Amino acid sequence: METLEDRSRMAKISLPGEIIEEILFRLPVKSILRFKSVSKPWLSRISDPSFTKLHLTRASAAHRIALFISAYDDSTRKRHLLSAAHDGGPVTHLMTLDDACSTDITEAEHLNGLVLFTCMKPYSDYDHAQVFVLNPSTHSIFKLSYPDFLINGKGRVRYSFAFNECTNEHKILMMRKLSEPKKTEIMIFSLSNYSWRKISPAAVEHPVGCLPGHLTLTRGSVCVDSVVHSTMLSSSSLNILRFDLRTEKLSIFSTPIVPRNQCILKINGRVGVVCHDHLVESNKMHMWILYDYETSVWVQEFIRFPESLIKLTGPILFPLEVNMYEIIFSTSKVSGNVMSVPIYNLKRRCFKSLEFTLGHQFPCPKTMKLNQIKYYVESMVPL
């Protein structure tokens, strides 16, 4: 029988700080946040930026990942932002966008446990985009404001998520291409001070052969080694547009890739481009991975699709995300309250199905359409 004296003696037992931290690093973020209420020393320890940084390093090394999901419900005309375990299972609701449309253009990019989600109406003023930064692990959400110092005029806008490894800063790069006057504006939003900064036109050196206002902004970008990469189209080849956060300069380098409905992805820490062929004709996709930027060394691989999968999903399959050696594709199939998503394993060269269980907040699961799905590392990075 435990007595009050026993409890008092146990309460006096203390562990070294290093052991406590080692235990905390092995716990899910949700559990760690609960321990903030144990005592003021624990609150101070867990809230320390060095603890957050080391936790992220440990989580990345241990590959503790989860999934961010964007899905549109045709029956309610609402867009839902969700999270789920990396191997599927029940989804967790993060937030709902009421003013949504099935034709909305959505983008999602992730860095260090944070997700940049963009939703904009097609054929409308691009400055009316809804842009959010989320930490799905802590359920923290921040809505990005539009910079009020931009000149008037309509133009195509692209938002890119970036991380400057030299300054340890998360940033959002906004590029706006104006038709009148012909120019390209570049703005940077820092998550360190929550403010916009316009890059001076004099500081932005346009690449050779690319006049101001003639940059072709395509969907999607990836940040590798403090450099934001995106694709540029030409008639015969695909070029990569680079914006270096350290020097704040643009550059372009050519690729051996022939444009075929391409998308840019980060593949095992490298820049990758996946090109879509007509799957009905060839049953395959071309995948290019940049191994060396200085010497422009690209390695090409193929993804072959079984005819049964193409018949089931149709000829349009877009790769949404790469995690280590697995590629998640955009198509989804709903049976009951279970949503299935195809995944391709690059090592085993075969497909498998990832299944998510939709909750009670989705009374008509069959009307749910998957738009985005991204891996993210469990992180305590604050917003």
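Confidence in the protein chain of this predicted model is lowest in helix 1, residues 4–11, at a mean pLDDT of 47, and highest in strand 12, residues 222–224, at 96, where pLDDT is the predictor's confidence in each residue, from 0 to 100, and where helices (H or I, at least four residues) and strands (E, at least two) are DSSP runs numbered from the N terminus. Over residues 7–11 the pLDDT is below 50, and beyond near neighbours in sequence this stretch has two contacts in the model, a contact being heavy atoms within 4.5 Å. For the protein chain the mean pLDDT is 82, with 82% of its residues at 70 or more.

A word on conventions. Residues are numbered from 1 along each chain as its sequence is written, and side-chain values use heavy atoms, with hydrogens and water left out. Because the model is predicted, local features need pLDDT of at least 70 and side-chain atom pairs count only at pLDDT 80 or more, whereas totals for chains, interfaces and linings use all residues.

Let me turn to Ile188, which lies in strand 10, residues 183–190, and is buried at 3% relative accessibility, buried meaning under 20% relative accessible area, exposed over 50%, and partly exposed in between, with a 1.4 Å probe and protein chains only. Its C-alpha atom is 4.8 Å from that of Leu173, 15 residues away along the chain, and, leaving aside neighbours within four places in sequence, the contacts of Ile188 include Leu173, Trp196 and Phe243.

Finally, the cysteines. With a disulfide taken as a pair of cysteine sulfur atoms within 2.5 Å, the count comes to zero. Cys275 is buried at 0% relative accessibility, and its sulfur is 8.1 Å from the closest cysteine sulfur, in Cys263, too far for a bond.
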